[in-house]
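Please walk through this model with the sequence and the structure side by side. Begin at a single residue, then widen the view.

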Amino acid sequence: MNLAIKDKNIKLPVFFPDATHGVIKGLDTIDINNTFTDGLVVNALHLLIDNKIDHLSQNGGIHNFMGYEGPIISDSGGFQAMSLVRRRNNGKLDDNGVFFKLPTNGQKIILTPESCIEAQYKIGSDIIMCLDDCTDPSESDEEQNTSVKRTIAWAKRCKEKYLELTDGMKEKPLIFGIVQGGNNKLLREKCANDLVKLGFDGYAYGGWPVQNNVFIGEIVEFTSELMPDDKPKYAMGVGKPEDIIVSCKYGYDMFDCVLPTRDARHKRLYRFTNDLPDFNNNNFYEYVHISNAKYINSKEPIEKNCDCHTCKNFSFGYLNHLFRIKEQSVYRLATIHNLRFYSRMMSYLRDQSLFPTI
Ligand SMILES: [Zn+2]
């Protein structure tokens with residue numbers, strides 16, 4: 001499937017790493033382009049901190065500000081309603097929206113469906129996400145029911161605000177609805193059906209996709225079946241390579257996660273185990289812990305088939321040395337390699353001649 005956004009026509013499936021504050025830690029925009037990364041995800045709540053949105057809006061929006069031409073999704077802050085408010089009580093949730101009291105600087109931010117859409121409109125992203133009441137799958141059915149009711153009511157208000165702001169615009173951003181409901185299939189069905197009635201440009205799996213450290217594939221697959229097949233299906237927060245492969249089989253074609261960039265900063269690098277990966281086998285890739293002493297004298301690159309800046313120019317031994325002396329530049333080199341691993345994986349997945357069953 002192709003996804004048309006403004007003047008861009010994007011072949012799916014795609015993986016977008018998280019550039020929460022409008023940057024991938026350690027990389028500049030040229031570095032990102034050179035990894036052939038499919039696009040980026042920024043976060044409305046984080047950009048509201050210290051009024052960063054007003055600043056970037058005055059500088060022509062996120063694309064101009066970053067000098068980045070690829071597609072950008074702005075996340076709504078719904079996930080932070082779970083991670084900061086539901087899990088850690090840094091604020092409160094009610095039917096009108098989310099009140100955040102940020103643990104970092106004590107700043108108070110209120111996100112209503114309307115203010116959230118307005119913030120994303122100011123960011124100038126290509127895909128706007130509805131504000132949702134995100135839950136953990138371990139929460140009770142009563143909580144999931146409240147979350148679904150709120151998510152539907154907020155989606156209606158988000159759509160109204162979006163239509164008001166984009167009225168008459170030639171190249172409108174897209175707007176996606178987010179399906180909540182935890183592990184409860186009836187609630188997932190209710191949420192998806194009501195969102196489809198409201199009508200969105202794409203639909204996302206919402207809620208934490210992992211329970212007890214296990215990917216909840218059954219509910220992720222069930223939720224995909226509730227979404228229209230002629231619209232993009234976005235599996236939010238799904239990012240482990242094997243979870244992306246199985247979610248592609250379930251019908252999802254958009255993904256985002258912090259994993260490749262966070263792992264790079266923690267010395268965990270990814271590489272394929274064969275020249276052409278076998279996606280029907282979970283051993284198609286492996287982790288390399290680059291600080292391991294066995295690599296001290298290695299003259300090999302991280303992966304011989306990788307064409308990234310890091311693999312083309314530097315050996316394991318040198319990267320190991322940089323990590324041991326905590327040299328800042330190694331975080332950039334490691335992140336570049338992991339992002340290229342993901343962009344190569346997605347490129348293989350887009351080539352249906354290689355993988356007709358996916
Ligand atoms: Zn590489």
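Ser224 sits in helix α9, residues 217-225. Helices here are DSSP runs of H or I with at least four residues, strands are runs of E with at least two, and both are numbered from the N terminus. Ser224 is buried, with a relative accessible area of 0%. Buried means under 20% relative accessible area, exposed means over 50%, and partly exposed is in between, with a 1.4 Å probe and protein chains only. Leaving out residues up to four places away in sequence, Ser224 touches Lys233, Tyr250, Gly251 and Tyr252. A contact is a pair of heavy atoms within 4.5 Å.

A word on the source. This is a predicted model in which local features need pLDDT of at least 70 and side-chain atom pairs count only at pLDDT 80 or more, while totals for chains, interfaces and linings use all residues. Residues are numbered from 1 along each chain as its sequence is written, and side-chain values use heavy atoms, with hydrogens and water left out.

Now take the whole protein. It has 14 helices and 17 strands. Its radius of gyration is 20 Å, close to the 21 Å that the globule rule gives for 358 residues, so the protein is as compact as a globular protein of that length. The radius is taken over C-alpha atoms, and the rule is 2.2 Å times the number of residues to the power 0.38. Along the principal axes, the C-alpha atoms fill a box of roughly 60 × 45 × 40 Å. Of the 358 residues, 56% are buried. Among contacts between residues at least 6 apart in sequence, 67% join residues at least 24 apart.

Next, the sheets. Eight strands form an open sheet with parallel pairing, in the order β3-β15-β14-β11-β10-β9-β5-β4. Two strands pair if DSSP finds at least two bridges between them. From one strand to the next, the twist averages 25 degrees. Angles run from 0 to 180 degrees between N-to-C directions of axes, which are lines fitted to C-alpha atoms, for helices over the stretch in contact. Within this sheet, β9 (residues 127-129) and β10 (residues 174-179) pair in the parallel sense over three bridges. Met129 stands opposite Phe176 in β10.

Another open sheet has three strands, ordered β6-β7-β8, with antiparallel pairing. Strands β6 (91-94) and β8 (108-111) are its edges. Here the twist averages 5 degrees from one strand to the next. Strand β7 (residues 97-101) pairs with β8 over four bridges. Phe100 stands opposite Ile109 in β8. Helix α5 (residues 78-86) lies across β6 and β7, at about 50 degrees to β7. Helix α7 (residues 141-166) also touches β6 and β7, and makes about 80 degrees with β6.

Which residues hold the zinc ion? The protein donors are Cys306 (SG), Cys308 (SG), Cys311 (SG) and His337 (ND1), at 2.1 to 2.3 Å. Donors are N, O and S atoms within 2.8 Å of the metal (3.2 Å for Na, K and Ca); water is not among the atoms, so sites may look incomplete. The four donor atoms subtend angles of 97 to 119 degrees, which makes the arrangement tetrahedral. Four donors count as tetrahedral if all angles lie between 85 and 135 degrees. Cys306 lies in the loop between β17 (285-289) and α12 (309-313), and His337 lies in helix α14, 31 residues apart. Both Cys306 and His337 are buried. Helix α14 (residues 329-350) lies across β3 and β15 (254-257), at about 160 degrees to β3.

Definitions and conventions: Four donors count as tetrahedral if all angles lie between 85 and 135 degrees; four count as square planar and six as octahedral if opposite donors are over 155 degrees apart and all others between 65 and 115; anything else is irregular.
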